[in-house]
Amino acid sequence: MANVQFADVRKSFGAFPVIKGVNIDIEDGEFVILVGPSGCGKSTLLRMLAGLENISGGEIRIGGRTVNTLPPKERDIAMVFQNYALYPHMTVAKNMAFSLMLNAAPKEEIDRRVNYAAGILGLTNLLDRYPRQLSGGQRQRVAMGRAIVRDPQVFLFDEPLSNLDAKLRVAMRAEIKELHHRLKTTTVYVTHDQIEAMTMADKIVVMHDGRVEQIGSPLELYDYPNNLFVAGFIGSPAMNMIKGMLDPQDPQVFVASDGTRLPLPKPFAEGVGKSLVYGLRPEYIRLDRDGMKAEVVVTEPTGYETQIIARFGGEEITCIFRERLDAQPGEPIGITIDPAHVHLFDEETGMRLVG
């Protein structure tokens with residue numbers, strides 16, 4: 001196992017920069033997820049760590065050793081791709097053992113490592129099968145097993161669950177997390193799915209346009225987003241955003257564009273006179289017959305909760321209620337906001353005000 005460091009790492013394709021000075025410290029044994037929208041640079045960063053892409057500037061270190069110019073085979077990493085990339089003419093056992101066979105490892109060592117990985121991944125009874133005889137989840141486990149047998153310092157995962165159906169993705173998320181708890185190997189995982197990031201990571205790196213927007217634990221990013229991008233990206237459904245300004249006579253009151261007055265947890269004197277955005281998670285809006293009025297746009301019952309899209313404060317907002325609510329479009333509902341969980345952002349800079 002080893003720590004991983006990105007120190008002012010940059011990457012350009014010709015004159016076009018795609019990675020713009022990234023700094024990330026990954027501790028030994030951490031499970032870190034790089035997350036962001038398509039085109040943000042997360043996969044490029046992972047490929048640079050793997051040695052599959054040259055870097056244009058900065059340093060990448062694994063276990064304190066600079067690996068900028070080292071070929072992939074000398075970096076002591078193992079990578080699991082979105083595509084399983086299994087050899088169709090080889091059995092599960094031979095697919096998992098292939099890298100060890102190339103390195104002329106002793107047969108006893110190969111058998112020991114393959115059986116160990118198969119036991120961890122529940123593949124022991126499938127070692128004699130061929131990839132065409134396996135389900136998608138089993139094939140992904142074989143790809144993971146191929147990485148485990150190498151006993152690397154760092155595991156790299158490049159959107160490994162994207163080709164699986166929704167139910168299998170949930171199951172594989174749990175399997176990968178349990179695997180990390182067993183092996184304690186430093187893991188860097190790339191995904192565009194923020195639910196994967198929230199449920200699996202020790203630490204999340206949110207990327208956007210080739211830069212790191214924020215680094216922190218899943219709940220740190222959820223509860224204390226640094227800016228509007230992180231606030232809108234982390235969380236499903238996304239945080240509600242209502243534009244407006246502070247009441248200059250009372251900086252503890254936010255006035256939406258339609259004149260609706262909304263509570264704040266404390267005064268934000270530094271925000272007076274600025275165009276601001278009022279941020280609130282859907283679960284912190286409660287039904288209240290005597291509360292502020294919102295107009296129902298869409299009702300989405302899920303069984304254990306009801307999701308409502310409503311017009312409020314000059315915007316469409318999402319509310320999540322535990323109550324079963326049979327509300328039709330156009331009907332009014334009363335709501336109350338919990339000000340303790342409100343965030344305020346500077347619309348121009350995008351940064352969160354701390355008060």
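The model is a predicted one, in which local features need pLDDT of at least 70 and side-chain atom pairs count only at pLDDT 80 or more, while totals for chains, interfaces and linings use all residues. Residues are numbered from 1 along each chain as its sequence is written, and side-chain values use heavy atoms, with hydrogens and water left out.

**The whole chain**

Begin with the protein chain displayed as a C-alpha trace, which spans about 80 × 45 × 35 Å along its principal axes. Switching to a cartoon brings up eight helices and 20 strands, taken as DSSP runs numbered from the N terminus (helices are H or I, at least four residues; strands are E, at least two). Of the 355 residues, 48% count as buried, meaning under 20% relative accessible area, where exposed is over 50% and partly exposed lies in between (1.4 Å probe, protein chains only).

**The six-stranded sheet**

Next select the open sheet whose six strands follow the order β13-β12-β11-β14-β19-β20 with antiparallel pairing; two strands pair if DSSP finds at least two bridges between them. The edges are β13 (261-263) and β20 (352-353), and each has a single partner strand, so one side of each is left without a neighbour in the sheet. Within the sheet, β14 pairs with β19 (residues 343-346) over four bridges in the antiparallel sense, and L276 can be found opposite D346.

**R281**

Now move to the loop between β14 (276-280) and β15 (285-301), and select R281 there. Which side chain of opposite charge is nearest to R281? It is that of E283, 5.3 Å away, and R281 is buried yet has no salt bridge, a term that requires a side-chain nitrogen of Lys or Arg within 4 Å of a carboxyl oxygen of Asp or Glu. The side chain of R281 does reach the backbone oxygen of I234 at 2.7 Å, and one of its polar atoms lies 2.9 Å from the backbone oxygen of Y222. Leaving aside residues up to four places away in sequence, R281 touches several others, including L221, A231, G235, M239 and N240, where contact means heavy atoms within 4.5 Å.

**The β16-β17 hairpin**

Finally, select strand β16 (residues 306-312) together with β17, which run antiparallel and are joined by seven bridges. I309 stands opposite T318 in β17, and two residues lie between the strands of this hairpin, where G313 takes a positive phi near 65°. Five of the seven residues of β17 (residues 315-321) are buried, so this strand is largely enclosed by the rest of the structure.

Methods:
Lys and Arg count as positive and Asp and Glu as negative; His and the chain ends are not counted. A polar contact is a pair of N or O atoms within 3.5 Å; within protein, one must be able to donate a hydrogen and the other to accept it, and residues adjacent in sequence count only if both atoms are side-chain atoms.
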